[in-house]
Amino acid sequence: LTVLVMGTVAFLNVQLMLCYAALAMIYVLYGLAGRRISRDEAKRSFLQRFVTQQILIGVILFAVWRWALPMQLHGWFISSEKWLLGGSGEISAWLEHHNIVILIVVSSYLFMVDGGAKIVRGMLDKFPNLYRKAITSLQSEDHKISDTPEEESVGEWIGILERFIALTFVLTDNVTAIAFALTAKSIARFKELENKDFAEYYLLGTSGSIAIALIIGTIIKVILSL
């Protein structure tokens, strides 16, 4: 919500303020609903609740965006922008015609960080024994793999970069290049992939991560074409 307000401060209007109020209400209601269920149930249903929440937010944003168009930049923002750019009219005009596009694309990359990680984690939580089986089976073989928070953190950052790369390829119409990114990642885990339990865990997480980038990238392209 803070990012939205900061990103759209140049053309705040009544429609956008109503949008922010609706978004805040959704978060509050979801927070209250989450407190009424047990921790185990909340973990099992996290993926469904999170995806539903994002869909509701996306629908509201899209509806308000269409309702509020055309959005006009405030005079004080135009003056401030020209002052910061040193009177460069070409850059100012380009920004004025692409501000919505920039906001949408930046938002999609931000979602790849936290939203994408939550969806992948929610998918893996559907199979609570999968990660433990993968670690146990690998530790029983010659090659070892550490079961530490640092190891999981590194995996999450690899997933974030993976989604960044895949989203970039989708937005630039280079979807086939995603195969090269997957190949490079698989090389680092080539030996571990011989283990069936680890291969299932790896493929589930990687497939989910790439699918998120593909879906979000496709949605963004469809929205920008409207």
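Reply: A residue is called buried under 20% relative accessible area, exposed over 50% and partly exposed in between, using a 1.4 Å probe and protein chains only. This is a predicted model, where local features need pLDDT of at least 70 and side-chain atom pairs count only at pLDDT 80 or more, while totals for chains, interfaces and linings use all residues. Residues are numbered from 1 along each chain as its sequence is written, and side-chain values use heavy atoms, with hydrogens and water left out.

Me: OK, so is F50 buried or exposed?

Reply: F50 counts as buried, because its relative accessibility is 8%. F46, by contrast, has a relative accessible area of 27% and is partly exposed.

Me: And what do F46 and F50 form?

Reply: They form an aromatic pair of the stacked kind, with 5.7 Å centre to centre and 20 degrees between the planes. Rings of Phe, Tyr and Trp (its six-membered ring) pair if their centres lie within 6.5 Å, and planes under 30 degrees apart are stacked, those over 60 edge-to-face and the rest tilted.

Me: Why are F46 and F50 about one helical turn apart?

Reply: They sit four residues apart in helix α4, so about one helical turn separates them. Helices here are DSSP runs (H or I, at least four residues), as are strands (E, at least two), numbered from the N terminus.

Me: How many aromatic pairs does the whole structure have?

Reply: The search finds two. Beyond the F46 and F50 pair, Y109 and F164 make an edge-to-face pair, because their ring centres are 5.5 Å apart and their planes stand at 80 degrees. Y109 belongs to helix α6 and F164 to helix α8, so this pair ties together parts that are 55 residues apart in sequence. Y109 is partly exposed at 22% relative accessibility, and F164 is also partly exposed, at 27%.

Me: Changing topic, which residues have the most contacts inside the largest nonpolar core?

Reply: They are F11, M71, F111, M112 and I212, in a core of 38 residues. Such a core is a set of buried Ala, Val, Leu, Ile, Met, Phe, Trp, Tyr and Cys residues joined through side-chain atoms within 4.5 Å. At least two residues each come from α2 (14–34), α4 (46–68), α6 (89–125), α7 (128–139), α8 (149–171) and α10 (196–225), and α10 gives the most, with nine.

Me: What is I212 in contact with?

Reply: Once its neighbours within four places in sequence are set aside, I212 is in contact with F111, M112, G116, I119, V120 and R163.

Me: Last one, where is T206, and what does it touch?

Reply: T206 is in helix α10 and counts as buried, at 7% relative accessibility. Leaving out residues up to four places away in sequence, T206 touches E162, L182 and K185.

Conventions: Contact means heavy atoms within 4.5 Å.
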